[in-house]
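Let's take a walk through a model with the viewer open beside us.

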Amino acid sequence: MMPRCRPVLEPRGVRVREHAADRVAAVHRCADVLEELGAVHPAYREAMLDREWAMSTYVGEGVAIPHGLDRSRALVRRDSLAVLRFPDGVEWDGATVTVCVAIAARGDGHVALLSALARILLDPLRAKGLREATDPAEIVGMLNAEDEP
Amino acid sequence: MSSIEGERIRKLVVACDAGMGSSVMLAGQLRRELRKLPVTVEHHPVAAIPPDADVVLCQAGLAERARAGAPGSVVVGFRMFLGDPAVARVVAAVKQGGVVVGTTGN
């Protein structure tokens, strides 16, 4: 049997109705989902919290990208993303975050999706579309969109 | 190094702590903006910047570590992942010529 190659982002890695009292609680939820997906060792959670504390992962347009540290790469089982949407917003070091794109990476499997995310965030209309999307399959589609020539 | 002419830039490195999140996003963006030019854009952890990097872009808070790890590169710190003027200046220098000056302090 051929080994099945799991995609970096799957609809079950997208949660559209999350709630978190603060930034720490939101990062914990991101770690929960990455663990549920089997993407990371439970100790990856600490690295995510350390990284967030050292420097905010806020990237703009209401989006943060919580992830681990260089030393926590070994705790990643496979390159995976999870998308958590917090409709009520989470206070994030002076900004308000509506969407977390949580990253677990030991290689470069997630690079194309993060490039797609950057392109979305550079276009205010598409960024709004991402913040307001409530269908996991649609969100997966947005982040898997091919680069236009 | 403290400055470099835009036309001499062949390798741009975006560095962050892990080299898996923010630097990946910015590198993807720059690769796209500069894809018609003879410039390589890579992303690396700040502790592993390749010695042939002409310019290193990193979050302002990491600039000191980047300067220590890449003494032969011009280090430019930025604060925003989207639309930071320091990043825009580097892109403009590569595209149209001009001098890229490294940032000092944090």
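## The sheet in chain A

Chain A holds an open sheet of five strands in the order β1-β4-β5-β3-β2, and the pairing is mixed. At the edges you'll find β1 (14-15) and β2 (58-60) of chain A; each has a single partner strand, so one side of each is left without a neighbour in the sheet. Keep in mind that what you're looking at is a predicted model.

Now zoom in on one pairing. Strand β3 (residues 63-64) of chain A runs parallel to strand β5 (residues 95-104) of chain A, and two bridges join them.

Step back to the whole chain: chain A has five helices and five strands. Starting at the N terminus, you'd read its elements as β-α-α-β-β-β-β-α-α-α. Among the contacts in chain A with a separation of 6 or more, 70% are between residues 24 or more positions apart.

## The two chains side by side

Here are some overall values for each chain.

| Chain | Residues | Radius of gyration | Span of the C-alpha trace | Buried residues |
|---|---|---|---|---|
| Chain A | 149 residues | 14 Å | about 45 × 40 × 25 Å | 47% |
| Chain B | 106 residues | 12 Å | about 30 × 25 × 25 Å | 49% |

## Inside chain B

Chain B has three helices and six strands. From the N terminus on, they come as β-β-α-β-β-α-β-α-β. In chain B, 61% of the contacts with a separation of 6 or more are between residues 24 or more positions apart.

Which strands does β4(B) pair with? One is strand β2 (residues 11-16) of chain B, which runs parallel to β4(B) and is joined to it by four bridges. Another is strand β5 (residues 74-78) of chain B, also parallel, with five bridges to β4(B).

B:C58 is a handy landmark here. It is the bridge partner of B:A15, and B:C58 also stands opposite B:G77 in β5(B). To follow the path onward, trace β4(B), then helix α2 (residues 63-69) of chain B, then β5(B): together they make a right-handed β-α-β unit.

## Where the chains meet

How many residues does each chain bring to the contact? Chain B gives 17 residues and chain A gives 21 residues. On the side of chain B that touches chain A, the largest share, five residues, comes from helix α1 (residues 22-33) of chain B. Sorted by class, that side of chain B has nine nonpolar, seven polar and one charged residues.

For the complex, the predictor gives an ipTM of 0.77 and a pTM of 0.88. Chain B averages a pLDDT of 90, and 98% of its residues score at least 70.

Note on methods. Residues numbered from 1 in each chain as written. Chains lettered and ligands numbered in written order. Predicted model: local features only at pLDDT ≥ 70, side-chain atom pairs only at ≥ 80, totals over all residues. Contact = placed C-beta atoms within 7 Å. Nonpolar A, V, L, I, M, F, W, Y, C, P; charged D, E, K, R; others polar. pLDDT = per-residue confidence, 0-100. Rg over C-alpha atoms; globule rule 2.2 N^0.38 Å. Buried ≥ 20, exposed ≤ 12 C-beta atoms within 10 Å, placed from the backbone. Pairing = 2+ DSSP bridges. Right-handed = clockwise from strand over helix to strand, strands pointing away.
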